[in-house]
Amino acid sequence: MPKRRLCALADLDATGARSLTVTLDGRPTDLFVVRRGGAVYAYVDRCPHAGTPLAWAEHEYLDEDGEHLICATHGALFDIATGACRGGPCRGAGLTPLPVVVEDDAVWLLA
Ligand code: FES
């Protein structure tokens, strides 16, 4: 499967996450990469509640205790590993995951 380099693993050191834009299916798509422990995940940067980007500051996607992703608009909480809504106005919904792998100290999108 072809893969595209998204960022260096070290780019996640400061905030635990990184926002970026890639072209998917010919369209620019905002997404973010987030790390939890040794695992890395990626999601489309779009809240399922009202469709806004999630970050509350540049590359900042985690809540205060680092346990969940949080939407800056209305405070919805999401599971870091699955993107499932864990609280707030997005109940029953979830983030759109993107397949990534870590190789050579970088995060790669499988697409
Ligand atoms: S837009 Fe994210 S919680 Fe409302």
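**View 1. Pairing of β9 with β10 in the predicted model.** Strands β9 and β10 run antiparallel and are joined by four bridges; strands are DSSP runs of E, at least two residues long, numbered from the N terminus, and two of them pair if DSSP finds at least two bridges between them. V101 has W108 in β10 as its bridge partner. This is a predicted model, in which local features need pLDDT of at least 70 and side-chain atom pairs count only at pLDDT 80 or more, while totals for chains, interfaces and linings use all residues. Residues are numbered from 1 along each chain as its sequence is written.

**View 2. The open sheet β1-β10-β9.** Three strands form this sheet in the order β1-β10-β9, with antiparallel pairing. Because β1 (3-8) and β9 (100-103) are at the edges with a single partner strand each, one side of each has no neighbour in the sheet. From one strand to the next, the twist averages 35°, with axes being lines fitted to C-alpha atoms and angles running from 0 to 180 degrees between N-to-C directions.

**View 3. The hairpin of β3 and β4.** Six bridges pair β3 (residues 27-36) with β4 (residues 39-44) in the antiparallel sense. R36 lies opposite A39 of β4. Two residues separate the strands, and G37 takes a positive phi near 60°.

**View 4. β4 against β8.** Strand β8 (residues 97-98) runs antiparallel to β4, joined by two bridges. Within β8, L98 is the bridge partner of A42.

**View 5. Surroundings of F32.** Leaving aside residues up to four places away in sequence, F32 touches A17, R18, S19, A42, Y43, D45 and Y61; contact requires C-beta atoms, placed from the backbone, within 7 Å.

Terms used. Contact = placed C-beta atoms within 7 Å.
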